[in-house]
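The text takes a helix pair to begin with and then turns to a sheet.

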Amino acid sequence: MGGERTLHKKALLAVSFGTSHLDTLEKTIAAIERALAEAFPERTLRRAFTSGMILRRLDREGVHMDDVPAALEKLAEEGYTDVLIQPTHVINGAEYDKLTEQAAPFRSRFDRLVMGRPLLTREDDYKEVVRAMMDDLPQAEENTAILYMGHGTEHFANSAYAMLEYVFHEAGRDDVFIGTVEGYPGFDQALSRIRARKVTAVELRSLMIVAGDHAKNDLAGPEEDSWRCRLEREGYAVRCVLRGMGELPGIQAMYVGHAREAEQTE
């Protein structure tokens, strides 16, 4: 027995865009990782970030995180033979593409390397995300709109944000709107839909796994171009909920489900 590869050493690599805000990291990314570790006790859990900007910023602050190639190289050198990669990305965008490209050369280094899908991939994912997020929302109020800030991207996967808003409305929450920082719909498009609803108050929330720079500054910051300040200038009463999606148990469970499905593939 000892000479066989029963030692099939198994690892689970949780891959995130990343954040330099260690407070939200603990409540979001680390919380997802804890859920994964609990669901896969036979696998060694490791972490990697895909954002070069975040990795460089953390290095300057004396905090080291591996990128995907470094994490996979370590696992190969340590004799792991079965690796399950679970991204915590929201959409199948540029960061997920980067992950798949960086992982591809390592397939020959392991007996088995499989990858789970990002949060919003299939139709059912959208419905499940909406259910998980509605558990965290207050009851709908006639005079209040909920506006989520997504990241947005030039990648064609950006269409996920419009689809998600549609699914919210189909689920009975037509008070929920979605805008993005770097894609369509942007703030202006979201604002036009909120105006048409004729509400007096807007609750701002983050549609990102972590509540980091974008949530603290672009969403709720004191600068005049933050969404909070722009809405206040429009005359709306604004409240901000700075909670990353990664804090929600339903979202954590979805990533576990995606990882389980990937593990069961041949």
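At what angle do the axes of helix 6 and helix 7 cross, and within what distance do they come? The model is predicted. In it, the axes of helix 6, residues 123-134, and helix 7, residues 160-170, cross at roughly 60 degrees and come within 9 Å. Angles of 65 to 115 degrees would count as roughly perpendicular and those under 35 degrees as roughly parallel; helix 6 and helix 7 are therefore oblique to each other. The crossing of helix 6 past helix 7 is right-handed. On the side of helix 6, the contact is made by Glu123, Tyr126, Lys127, Val129, Val130, Met133 and Met134, and on the side of helix 7 by Ala160, Met163, Leu164, Val167 and Phe168. Sorted by class, this contact of helix 6 with helix 7 holds 10 nonpolar and 2 charged residues, with no polar ones.

The sheet is open and consists of 4 strands in the order 6-5-7-8, with parallel pairing. Strand 6 (176-180) and strand 8 (237-241) are at the edges; each has a single partner strand, so one side of each is left without a neighbour in the sheet. From one strand to the next, the twist averages 25 degrees.

Strand 7, residues 201-206, runs parallel to strand 8 and is joined to it by 5 bridges. Glu203 has Arg239 in strand 8 as its bridge partner.

Helix 7 connects the two parts of this description: helix 7 also packs on the sheet, where it touches strand 5 (144-150) and strand 6. The direction of helix 7 makes about 175 degrees with that of strand 6.

Note on methods
Residues numbered from 1 in each chain as written. Predicted model: local features only at pLDDT ≥ 70, side-chain atom pairs only at ≥ 80, totals over all residues. Heavy atoms only, no water. Axes fitted to C-alpha atoms, helices over the stretch in contact; angles between N-to-C directions. Parallel < 35°, antiparallel > 145°, perpendicular 65-115°, else oblique. Left-handed = near helix turned anticlockwise from the far one by under 90°. Contact = heavy atoms within 4.5 Å. Nonpolar A, V, L, I, M, F, W, Y, C, P; charged D, E, K, R; others polar. Pairing = 2+ DSSP bridges.
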